[in-house]
Amino acid sequence: MEKTTAEASSDQNVSVPVSIWEAFRLHLICGLGLAVAFWVAHNIYSIDLISNPDQTLFLIWVIETPIIIGVYSISRWNPKQCSFLKAVGHGLLGIPAGAFLNAFGAIVLGAPIGFLYIKRTISWSLLMSLFTFAPAASVFGSSWNNWQRLFVYAKPAGIVDYMICLPAHGTVIGAWLGAWPMPLDWERPWQEWPISVSYGAIAGYIIGMVASLGFIFMFDRRRPHVKGD
Amino acid sequence: MSYLTCTRLTTWTLAAVLLQIFGLSFFLYGFFPVKPALSGVSGPESYRSPMCEPVKDLEEKILPPDRLRSLYKEMSGIPLSFDRLILMVVDGLPAEFVLGKGDQPPTKVMLEAMPYTQSLLSSGMAVGYHAKAAPPTVTMPRLKAIVSGAIGGFLDVAFNFNTQALLDDNIVGQFYNISWKMVMHGDETWLKLFPGFFTRHDGVSSFYVKDTIEVDHNVSRHLKTELIADDWNLLILHYLGLDHVGHIGGRNSILMSPKLKEMDEVVKMIHMNKILPQDDPHGQTLLVLVSDHGMTGNGNHGGSSYDETDSLAVFIGLRSKVPDYASATNNAAFQVDIAPTLALLFGVPIPKNNIGVLIEGTFASLTDDQWLRALELNSWQLLRLLQAQLPHLSQGLPCKDPTVEQYSQISKCSGSAELKFRCLISNAAALHDAWRLNGARGFRNNSRDDFRGTVAAYYEFLRTASEWLSRRATDKPLDLLAFGVITMFVSCLILFWLCKEVYNKQKQCFPNLYRSNYTMHSDESFVSIAILIYIFSMGSSSIVEEEQYIWHFMTSTLYLIFFRRSIQSLPAGQTPNLLNVSNGQKCSNYSHTCSIIFVLICGRVLRGWHQGGVNWTHLPDISKWLEQAGLHSIIYIQIASVVLVISLGSWALYLLRPKSAFVPVVHISFVISGILVLLHNIEHQEHTLITSNYSTTSIAQIIYATISMSVITIVIASPWLMPISLYKTRSTSRFHLMSSHSIDIHKRTPELGLRGAAYLIGWTYIVFWCLIQLLLQKPINAVPIILVLLQILASMYYFSMPELHHKQWVEVAAFYFLGMAGHFGLGNSNTLATIDVAGAFIGVSSHSTLLAGIIMFVITYASPLLIFLSMVMLISMKDTSYILDSQNAEMGHLLQMMIGFPCLVPLCLNSIMLTTFTIILLLMRNHLFVWSVFSPKYLYVCATTVSVYVGVSVVAVTAVYLCNVFVFRERMFNPKGNNRQTNQW
């Protein structure tokens, strides 16, 4: 990964011209995209997560990818140096890298390995990567400092940071929680890998979006005081 | 902050541990009452009074079955009423369906569903009883109660390991002894209980709960031929369909009345064919229709509610007629009463551990004399059982002497249990004797009243004794249990407080490690959350069955969090305060991060090695795949593992910094033991068909001897032989002639030697423990052992990274997690079935329960104990020099810093788990799975506690010994020079 030397990053981000309304609009578009994807899967292809997990996940991914990468590329952190198309390219490159990391995490935590599950794992990790990595990749490109601040230290410092960090963490935590019912002997079809995990991830993503709006609202109100200090 | 010295810390820890042991033993004693069961089977001696001196009857024991049968008949004095018995068990049939509840007859639907049985009841041909069953109301223990009359405890099931055969005295066994021919059709539980007893059988499995038709058809299809056949004396029919109907649709399922009708047809067929024809050439037949348990409204069972315990016993074909419908249906008894009743009706002794009482209406065809004799036999049997629990009971009871008049001694009975029983039985015996005497003298004028009085006296004794015995078997003394739980809880709190104290002290000592931390780090909070999640999930029986998933999941998550934290310091060049990090350090940071990935991958392989647990064991895993690939690949892997352990050990010795002449000796002992283990494994592989081979046994014994000798020698010798290079440092310090610098070096050297010795001993423990495991474990488990070892080494390497500010308790907790995940990765589970019993006899030439038990423990707790042994090495990895540099460097302080957390954290974690699971077990004591899931798990929890004690004491003893030796050596070398320092040590 190319490492750009960082300017004082936090100041840079606060100054990114994203208002709370824009954030709300952005999350609304992503959420609506998700809803549309589910609607398409259910009504046009008549598949759902339980009966055809891999196809459904893949379909959601296909529909959601342009939306998420598009809207986050618009709010990239340094619009002067980085064109919109370049940001989209960053986002698209970020997806396979993130998918690899997500798949590694899932397998290490016990996701089944085998021919049966390869397709499911791939589509699931693509979707996970879309929720977690693609926004950050579109906005920050390969600026390691920003990545480290968001994902390693989890210290968002600005509206865009909140918009990326909270849904991503929500997705991961939701997926982690979603794995709990899997080993139980309830004999339900949704206990199969990765159905409950996907439900958890999507729920976590939505909760993360809502929470990020809340935090942005708080942050927005507090911002003048911070600056005053 | 209170001042906590090393001595006080030790005292408090020991007190907490002792408190825990006390609480645990109180709880165990209360929860699993050790029922002093009588071993052996009843023989002819049961027809003699237990009050008299036992008669030697050695020759009677080896009687052939026919002689035995006639001897029983002769001694009992009760004529046989029947020759053949049909025991028809309808699984899960509530007595309410047939007999009604209380005074009310059954509902109209039920009456119509079983027309023939109802007509038998109303015409007086049959008599029915509500036979109250004892919890747990599940099939296997209920069948045991029906045939043996005893309420089993849990421990006798647990200690039977894998055999399910009923070893207690029971009527089926008694029938077998008098060479009855027995036939069984139905639930295969009977075949498990009585392997080889039945001449013909067709077992059906109750596994397919959805099937309600075929299970019963498979029984009924034999009925016609069996009813014609004349070779059997006992026919057992066990119908499972009704229980399945209940499980599917509940008590009021629409399938219920067709199923009852089907059962009614069976009763009708048997009655028409076998009981009605009075001139059957094969003798009289008795049909006993029983159910093992009832069911709740939605068809479940297992608990102790009225609906579940209300089981049925109907006797069809008794000689006497019952006057009316109400007296044929409105009777109460206990399920255990069936065994003695059937035993005496068919002329065999009552089973030894029976606590049942003869059912009153079933002996109506006997004369008064015979009936009293039957009650007397029952009383004698119960008296024998009581004597086993109350050893002084028989003192003062007269041996029967029919010439003495004892009317005057009849008295009200009260007082302690012993007094009461003594009084009740002597009352009954006196009345009986008087009645008998009167009969002999020919006074029978008021005999009816005397008879009734005697029967009442007998029943008073029988009922009191039976109730007392059954309470002993099932009741749990709640105050004892509560006391145990509270004690454990207090000890848990003490351990937690001690941890906190040590934490505070460390915070004082290493301010740089513990700075800036008012908020917890993600890893610390995760460990706390993981423990909380674990505690709550243990309340669910399905998670207890699949506990391995929790540990794997938690451990991997914890290491993923470590991974995240290690990235924090990864490309550290950009963080301002660490700008001047050299390139080499950066590289080592990368390798530390890679070590975490290595731990994670090892963990994943470990998880895939055995598909553990209960529900998913059939899924493919690596061990099954390897076993399919053939034995040869496994043995090669095993050999490779031994070689790997030895080479790891050699490499570690090579890395040892203060070299000593002693190290090659250690190396040689590693290699010799390794070669011996290899030899044994190859030998064992060649003679895999012969169960106990002489040469393998002797090799194993040589290995045990070699390993224990080497460990003892190395542990004792290494601190003495480790160079502390005191002279050298002194000389350098003289050269320098400077105070501050030279003293600094001078202080460090013994500390280096101490760490070197700890490192050496830690490695010795690890290598020898792994070798022992490679010897004892199944060959397929060689790789998991290696994986656990590699995980330990990789995490040790990761924790040695200086920039990481993991607190020591998190490191120890991570080790504990690794140990538990490894425990399940070795194929262990929470059922007793996964204990490797075969491995426990490696190298044991004579049968010794203690030795085999110890080896079994070593095999089962391989991974947690390996973790504890490696703690010694973990101590050596910690840089303790700053403790010595600081002002308050004394030995107690050093010890506290060194082994405070490695000992306290496992104790504390384990005590949290023990206490919570004890509370869960207490809350779940009426749960359906309390005996099948929670109690085995509790035994495992107790064994884990023992393993923690063993491991912690090894760590503590080693560290204390090391410190003492080094202090002593320091004094030897420095008799006068540095008095101030020596005192501080």
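Reply: Before the details, a definition: helices (H or I, at least four residues) and strands (E, at least two) are DSSP runs, numbered from the N terminus. The model is predicted, so local features need pLDDT of at least 70 and side-chain atom pairs count only at pLDDT 80 or more, while totals for chains, interfaces and linings use all residues. Residues are numbered from 1 along each chain as its sequence is written, chains are lettered from A and ligands numbered from 1 in the order in which they are written, and side-chain values use heavy atoms, with hydrogens and water left out.

Me: Okay, where does UniProt place the "transmembrane region" feature in chain A?

Reply: The unreviewed UniProt entry puts that feature at residues 26–45, 57–75, 87–118, 124–147, 159–179 and 199–219 of chain A; such positions are given in the numbering used here, feature names are shortened, and annotations may be inferred rather than shown by experiment.

Me: How much of residues 26–45 is helix?

Reply: In chain A, residues 26–45 are 95% helix and 0% strand, with 27 Å between the end C-alpha atoms. Residues 159–179 of chain A are likewise 95% helix and 0% strand, and there the end C-alpha atoms lie 31 Å apart.

Me: Which two residues does the cis peptide bond join?

Reply: The cis bond joins A:Trp193 and A:Pro194, with omega at about -10°, and A:Pro194 belongs to the loop between α7 and α8 (195–228) of chain A.

Me: Switching topic, how many residues of chain A are in contact with chain B?

Reply: On the chain A side, 25 residues are in contact with 26 residues of chain B, where contact means heavy atoms within 4.5 Å. The area buried between the two chains is about 2,400 Å², of which carbon and sulfur atoms give 66%; buried area is the accessible area (1.4 Å probe) that two parts lose on being put together, summed over both. In chain A, the residues that lose the most area to chain B are A:Val108, A:Leu109 and A:Trp180, together 25% of what that side buries.

Me: And how many salt bridges are found across the interface of chain A and chain B?

Reply: The rule finds 0 salt bridges between chain A and chain B, a salt bridge being a side-chain nitrogen of Lys or Arg within 4 Å of a carboxyl oxygen of Asp or Glu.

Me: What about chain B itself, how many helices and strands are there?

Reply: Chain B has 39 helices and 8 strands, and buried residues make up 57% of its 985 residues.

Me: Is B:Gly951 buried or exposed?

Reply: B:Gly951, in helix α38 (residues 930–973) of chain B, is buried, with a relative accessible area of 2%. Not counting residues up to four places away in sequence, B:Gly951 touches B:Leu865 and B:Phe868.

Me: And what does B:Gln548 touch?

Reply: With the same exclusion of residues up to four places away in sequence, B:Gln548 touches B:Gly612, B:Gly613 and B:Phe824. B:Gln548 lies in helix α24 (residues 547–568) of chain B and counts as buried at 6% relative accessibility.

Key. Buried < 20%, exposed > 50% of the residue type's maximum accessible area, 1.4 Å probe, protein only.
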